[in-house]
Each structure stands twice: as structure tokens, then as C-alpha cells.
Amino acid sequence: MSNWIPYGHQRIEEDDIQAVSEVLRSDWLTTGPEVEKFERALADTCGARYAIVLNSGTAALHAAYFAAGVGPGDEVITTPLTFAATANAALYLGARVVFADIEPGTGNISAAEVEAKLSSRTKVVAPVDYAGHPADLDNILASAHSAGAVVVEDACHALGGRYQGRPIGSIADLTVFSFHPVKHITTGEGGAVLTNNPEYAEQIRSFRTHGITKQKQSVDENGPWFYEMRELGYNYRLPDILCALGRSQLSKLHSFISRRKAIAEKYFELLSDTPGLILPTVHAEADPAWHLFVVRTKNEKMRRPLVETLRAAGIGVQVHYIPVYWHPFYQENRDLWDGNCSQAERFYRSCISLPIYPGLDDPDVEFVANTIKGFFEDDSWSIERG
Ligand SMILES: *Cc1c(COP(=O)(O)O)cnc(C)c1O
């Protein structure tokens, strides 16, 4: 598999390894000085007051929904074109998921569809910045707020992206990132919530460590050993070892994003006149972080043979995503969700994620583009090309 080109891959360098080794030689393995340093660096990079790191993006979503007050009887509106965790985290808290359809150009949740599904039961609206293209945040924030709902932006694809020139992480009420290896920076597993709201930040800090605080509140006890548990939290802490890796990776975010942008530009240049293919839409207010580069076949029937052709050539393309509610768990638990989304289903049937990551070089990008062009030029598909 040495010639295999995956759709995404981490970039770990000597200085990352050095940063981790230093922590391993220090006194702290879990909650030590690296946690706060990584949080400070993240908050500064994203223009937010607070960053709270957790041990996965999923834990970060769970904590953000918790801070927003999600509970039984509430509804969380999100897109079906996402990783299951965006919806699952609402179910963890006993809420129902209401799926709102997408706009097909970007694959992002449609602000008009969100508006149509808002109700007095809506506690959270959770747009996903699909592929790294910021969602229609101004419109979503305005309609959510007027309905009394909180916006939790699932920005697991969008670290380093901008919307109207503002960094992702500084805009929504709460913004969630993931540091899984296919994302922009990695800690192996890891995630974060960013917010400007001190109460949300405090609740998330408590939630990630069992709901325990050292601040004396209600228990009539005293002494240097004192702590109390105020709510039912979890162990969602990100260890010092991984925070050191995260901070080292974050220092390279700018160069990682530049390379992703250059690859996206090259795909646009090489594939723009390929009949049969639809390239991603980029809105004027958006500066995408290009987590994914998702193309669609004009003819749904061409998706599968194109995927097979690319894979046979050693190109590990993927499909993002099977609509969340198509998964057996959601199909078998119809009471937990609402909303079939025809645009998201159509998008899924034609989409392919092409390789994009900092270590992908120009000859690889050209090879991918040429293989796609060759596929559409191949006569044996001419009947379906019509
Ligand atoms: C990766 C991802 C998550 C989950 O992050 P983990 O760190 O893997 O738990 C959630 N939502 C989206 C859109 C993602 O891409």
C-alpha cells in the first residue's frame, strides 16, 4: 500500500515528538500546565475568550449541548450531512434531533430550512461547517436567537477557516473542534469548545471532570482537601501529553491551511472543465479551511464506478456522509428524530471526497485529477454519460 493516497492524513514532525517527550519526562501526565497553555493558544488563534479542551470532538459536542441547557423534551436542529456524533450528542442528553435540509452547493444546512423548523422546543441549532466551508452563520444566529435557541457550531471541519474575515471559533455561542488525525491539527483523539460566555466555559470545565469543583458552595465542609460534586459530569479530560502535541500542531495551523488551500485551488484549476463533475461552491463571505474537497457526479449512477476507478488506481477516496438518519440505529428509533431531507440524500448519492492534506504534493494532485478526467473520457461509460 506504499503508493496508496488516502483522503486525509496527519502531519507529525520531529518538533511534535519532542513536545510530547518533554511532557513524558515531566511531573504531569494528565491535568498539568500544558492544558491551560493549549487552551490559551487555541482561544487566541480563534479570537475567542475561552477554550476548553476535551478528549474528543464528540465529548466537546456533548459538553457544549449540556452548557446550552439541552435536556429531555428539547429539540436540537442539525444537518443529516454530518458525522453521526453531531446528532448523537443530543440523544445523550435525552433530546430529540430535528434534521433540517442542506443547500446543495456547499452541503451546509440551509438557514431557511432551520428557520422553518424552529419551535418553542428548540434548545440548540447545530450547523456543521461542511468540508470546512462556514455555514450561513449570520442568518442562523439571527433566527435561532429570536426563537430563544443557542447556536452550537460543529466546526470540526473548519479550524482555521474564516467567515466575513472573522475566525471560526469567534462567532457562534459555542464552537466545537475535533483533533482526530484527519482534521486540521491532531492530538490523536481530542476536541475543544470555544466561547465568549464565562458561564458556559465554567459549566464545560465542570462537565469534563465529573461535575466536581474545588469552590466551596453548598456542602458544610472545610479544609484543604475540599471538593464537591454539583452535577453529573464525565471524565472527558485531555491529558497534558496530548495538549503538548496539540499546541505544537497548532503552531503550524497556518502552513497546514495554506497547503490545503493550494491543493483546493489546483483541483479547481485542473477539474473545472470536466463535464460530468460538479465542483464545490464557495460563497463570497467564506474563507474555507478545506478539511475535505468534495466533488459530485452530475449523474448519480457515475458515483460508484468513479469511486471504484479511483480506488483501483490507489486513490483512497471516501464519501461524506451517509445521511445520519439512514443508519440502522436511527431507522430503528424513529421516535428520537424527525425530518427527511431530500437534498442531503441527493447530495450523498453523488458526492466523493478527494484526497486533501498538507503532505499531498502537486504530482499526487495531478494524478488524482488526471485519473478523474480519464474516467470521464473513457468510452465504456459513454452510454451512461448520455
Ligand atoms: C470528526 C467530527 C466529529 C467528532 O469528532 P471526534 O473527535 O472524532 O469525536 C464531529 N462532527 C464532525 C462534523 C466531525 O467531522
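The following dialogue explains how to read several features of a predicted model.

Q: On what basis are residues and atoms treated in this model?
A: The model is predicted: local features need pLDDT of at least 70, side-chain atom pairs count only at pLDDT 80 or more, and totals for chains, interfaces and linings use all residues. Residues are numbered from 1 along each chain as its sequence is written, and side-chain values use heavy atoms, with hydrogens and water left out.

Q: How is the packing of two helices described?
A: Two packed helices are described by the angle between their axes and the distance between the axes. Axes are lines fitted to C-alpha atoms, for helices over the stretch in contact, and angles run from 0 to 180 degrees between N-to-C directions. Helices (H or I, at least four residues) and strands (E, at least two) are DSSP runs, numbered from the N terminus. Here, helix 1 (residues 14–24) packs against helix 8 (residues 240–250) at an angle of about 150°, and their axes are 8 Å apart. That makes the two helices roughly antiparallel; angles under 35 degrees count as roughly parallel, over 145 as roughly antiparallel, 65 to 115 as roughly perpendicular and the rest as oblique.

Q: What is the handedness of the crossing of helix 1 and helix 8?
A: A crossing is left-handed if the near helix is turned anticlockwise from the far one by less than a right angle, and right-handed if clockwise. The crossing of helix 1 and helix 8 is right-handed.

Q: Which residues of helix 1 and helix 8 meet?
A: Contact means heavy atoms within 4.5 Å. From helix 1, Asp15, Asp16, Ala19, Val20, Val23 and Leu24 take part, and they meet Asp240, Ile241, Ala244, Leu245, Ser248 and Gln249 of helix 8. By class, the residues of this contact are 7 nonpolar, 2 polar and 3 charged (Ala, Val, Leu, Ile, Met, Phe, Trp, Tyr, Cys and Pro count as nonpolar, Asp, Glu, Lys and Arg as charged, and the others, Gly among them, as polar). An α-helix has 3.6 residues a turn, so residues three or four places apart point the same way.

Q: What is the geometry of helix 10 and helix 13?
A: Helix 10 (residues 303–312) and helix 13 (residues 362–377) pack at about 135°, with axes 10 Å apart. These two helices are therefore oblique to each other, and helix 10 passes helix 13 in a right-handed crossing. Pro305, Leu306, Thr309 and Leu310 of helix 10 make the contact with Val368, Thr371, Ile372, Phe375 and Phe376 of helix 13. The contact has 7 nonpolar, 2 polar and no charged residues.

Q: Which residues of helix 10 are buried, and what covers them?
A: Buried means under 20% relative accessible area, exposed over 50%, and partly exposed in between (1.4 Å probe, protein chains only). In helix 10 the buried residues are Arg303, Pro305, Leu306, Val307 and Leu310. Their cover includes strand 15 (293–297), helix 12 (342–350) and helix 13. Just after helix 10, Gly314 takes a positive phi of about 90°.

Q: How many salt bridges does the structure hold?
A: A salt bridge is a side-chain nitrogen of Lys or Arg within 4 Å of a carboxyl oxygen of Asp or Glu. The structure holds 17 of them. In one, the side chains of Arg208 and Glu39 meet at 2.9 Å, N to O. Arg208 lies in the loop between helix 7 (198–207) and strand 11 (212–213) and Glu39 in helix 2 (residues 33–46), so the pair ties together parts 169 residues apart in sequence. Arg208 is buried at 11% relative accessibility, and Glu39 is buried at 7%.

Q: Which residues form salt bridges with Glu75?
A: Glu75 meets Arg96 at 3.4 Å, N to O, and Arg121 with the closest N and O atoms 2.9 Å apart. Glu75 is buried at 6% relative accessibility, whereas Arg96 is partly exposed at 28% and Arg121 is partly exposed at 45%.

Q: Which residues are linked in a network of salt bridges?
A: The network links Arg11, Glu13, Asp15, Asp16 and Lys252.

Q: Where does the backbone show a cis peptide bond or a positive phi?
A: The peptide bond from His320 to Tyr321 is cis, with omega near 5°. Ala131, a residue other than glycine, has a positive phi near 65° and is buried at 9% relative accessibility. His210, also not a glycine, has a positive phi of about 70°; His210 is found in the loop between helix 7 and strand 11.
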